[in-house]
Amino acid sequence: MRPLNVRRPGDSPSDVTSPSSARQPSRSSFSKSSLSRPAVSPKPSIHEQEQEDVYFTELLSYSLERLGKEPELLKADQDHLRKQAEESAVKHYKAFINTASCLEAAKEEMQGLAGHVDALLQDIPVLDRICDQFVTTAKALQAKQTENKQLQSNHATMLELLEVPQLMDTCVRNGNYDDALDLKGFISKLAFMHSDLKVVQSLVKDVDATSASMLEQLLQKLRSNIQLPDCLRMIGYLRRLGVFSERELRLQFLQCREEYMAEVIEDLEEQSAYDYLKRLTDIHRLHLFDVVMQYRAIFSDDNSVQDDESQDGGLVFSWAEHRVCLYLEALRRHLPRITEGGSLASVLEHCMYCGMSLARVGLDIRGLLPPIFEACVLNMFSKAVGTAVDTFLMVLDTHKWTSMPSMAARSRGRSASLADPAAAASSDAATPSSASNEAHGGDPSTPPYALMDHVPLAIFVNGLLSAFNELRHCAPLSLATALASILQVRFTCS
């Protein structure tokens, strides 16, 4: 062990050369640490523990006298340190004041920070909800971005698809119905495969609108003057459209042709009944025949008819019956306007020719014509005879009866004066029959000149002859009894 250095009496503390004087900073450190330690000191650090171990080791090396003076030395060090602390506080009081102010500001800031932290804690659920919404929106945007990238990669294909309705409309406007139907079939197949896509639904909607326009154009062509090859094409297009069933398609065809015929008939002028009926007959002869032939060629088997329709030919003959009824009604309405027998005979001949032409397709209407024309002939003859009788009665009332030379005698004298002697001799030897013929002017069908002596009677005969002249152009044998009855009634009434 190291020997203890004992300070002799009279020596000052500075004159003592002992280990304690060399370790004075250690005492100061110890004093500082002892002053700074609270009543309940925390667990010392490793550095402090080492300093305490060194100090206790030095205490063990001190002499008894040195140990007795150690408290005084420690007290002196403590006073010295306190004095230094006071001087330092006086010297650096501004720093302490600033430190206190900073501490107070720090406390206020900490309180404000605590309030903000509390508000933040309250806003965290809202922030959490907003974050969830942001995540959802971000996922949707990401999905949309993925779709946009896919759309961009298929931009050319999508552009072609979006141009299909416009291309189909162009084909329809130019009459390229085959290409338009191919485009419609492509869109229908695409809709069957991807019916949930909005762009496909939009394409289907636009194509359906164009198909409706195409349907209207096809039906409009059927309402025009169209021939059999064009009819076959139009019906083929309508079948590919798939809008009508087979029976509806046949009805639509007949309806369109009916509208066309009605339009053509409506354009006829009704001022002249003769011209109107002849043109009307020509229209039925041509178009009715064409429609039946077109229907038979397009719909070779009329399987759409019901059992009760199969006996009268089906749909086409039901329509033909309707059209024939309208034609006969037009004859009944306009024939009474014809007052000339020649015109009536011409119309009858025209109608008979029409019936003969329609007989080739099973629409012989010649058997329906005689009653109509018989009624017209009977009416015309009755009016003519009535006019002759009325005129005769009127002239008879106003005629002034005076004696006049015989018209027959003047005629015979004029003939004799112009004849040569041989003719006169032969005339003297003529038979009574030849004289009678001469009195009639030489023509048995000519009324005798003796009627000229009685003007009312001559006018009456001329009226009857006019009636019979009109009758001879169209004189049905079945009306002989009825015509005789009319003459008898008129003569009796007069």
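Glu-258 is buried at 16% relative accessibility, where buried means under 20% relative accessible area, exposed over 50% and partly exposed in between (1.4 Å probe, protein chains only). This residue forms a salt bridge with Arg-323, and the closest N and O atoms are 2.4 Å apart. A salt bridge is defined here as a side-chain nitrogen of Lys or Arg within 4 Å of a carboxyl oxygen of Asp or Glu. Glu-258 belongs to helix H11 (residues 246–266) and Arg-323 to helix H13 (residues 315–334), so the pair ties together parts that are 65 residues apart in sequence. Arg-323 is also buried, with a relative accessible area of 5%.

The model is predicted: local features need pLDDT of at least 70, side-chain atom pairs count only at pLDDT 80 or more, and totals for chains, interfaces and linings use all residues. Residues are numbered from 1 along each chain as its sequence is written, and side-chain values use heavy atoms, with hydrogens and water left out.

**Overall content**

The protein chain has 20 helices and zero strands; helices (H or I, at least four residues) and strands (E, at least two) are DSSP runs, numbered from the N terminus. Of the 494 residues in the protein chain, 29% are buried. Among contacts between residues at least 6 apart in sequence, 70% join residues at least 24 apart, contact meaning heavy atoms within 4.5 Å.

**Salt bridges**

The count of salt bridges comes to 15.

| Pair | Closest N and O atoms |
|---|---|
| Glu-258 and Arg-323 | 2.4 Å |
| Lys-69 and Glu-65 | 3.7 Å |
| Glu-216 and Arg-223 | 3.7 Å |

Lys-69 and Glu-65 both lie in helix H4 (residues 64–91), four residues apart, about one turn of the helix. Lys-69 is partly exposed, with a relative accessible area of 23%, and Glu-65 is likewise partly exposed, at 35% relative accessibility.

**Helix packing**

Two packed helices are described by the angle between their axes and the distance between the axes. Axes are lines fitted to C-alpha atoms, for helices over the stretch in contact, and angles run from 0 to 180 degrees between N-to-C directions.

The axes of helix H7 (residues 164–173) and helix H8 (residues 177–193) come within 8 Å and cross at roughly 155°. That angle makes H7 roughly antiparallel to H8; angles under 35 degrees count as roughly parallel, over 145 as roughly antiparallel, 65 to 115 as roughly perpendicular and the rest as oblique. The crossing of H7 and H8 is left-handed, a term used if the near helix is turned anticlockwise from the far one by less than a right angle, with right-handed used if clockwise. On the H7 side the contact is made by Val-164, Leu-167, Met-168, Cys-171 and Val-172, and on the H8 side by Tyr-177, Asp-179, Ala-180, Leu-183, Lys-184 and Ile-187. These residues divide into nine nonpolar, no polar and two charged. In this classification Ala, Val, Leu, Ile, Met, Phe, Trp, Tyr, Cys and Pro count as nonpolar, Asp, Glu, Lys and Arg as charged, and the others, Gly among them, as polar.

For helix H9 (residues 198–222) and helix H10 (residues 228–241), the axes come within 10 Å and cross at roughly 155°. H9 is therefore roughly antiparallel to H10, and their crossing is left-handed. H9 contributes Ser-211, Met-214, Leu-215, Leu-218, Leu-219, Lys-221 and Leu-222 to the contact, while H10 contributes Cys-231, Met-234, Ile-235, Tyr-237, Leu-238 and Leu-241. By class, this contact of H9 with H10 has eleven nonpolar, one polar and one charged residues.

**Two buried residues**

Val-200 lies in helix H9 and is buried, with a relative accessible area of 6%. The C-alpha atoms of Val-200 and Ile-187 are separated by 8.0 Å, the two residues being 13 apart along the chain. Apart from neighbours within four places in sequence, Val-200 is in contact with Leu-190, Ala-191 and His-194.

Leu-335 is placed in the loop between H13 and helix H14 (341–358), and is buried with a relative accessible area of 1%. Leu-335 and Cys-376 are 41 residues apart in sequence, yet 6.5 Å apart in space, C-alpha to C-alpha. Neighbours within four places in sequence being left aside, the contacts of Leu-335 are Leu-277, Leu-344, Val-347, Ile-372, Phe-373 and Cys-376.
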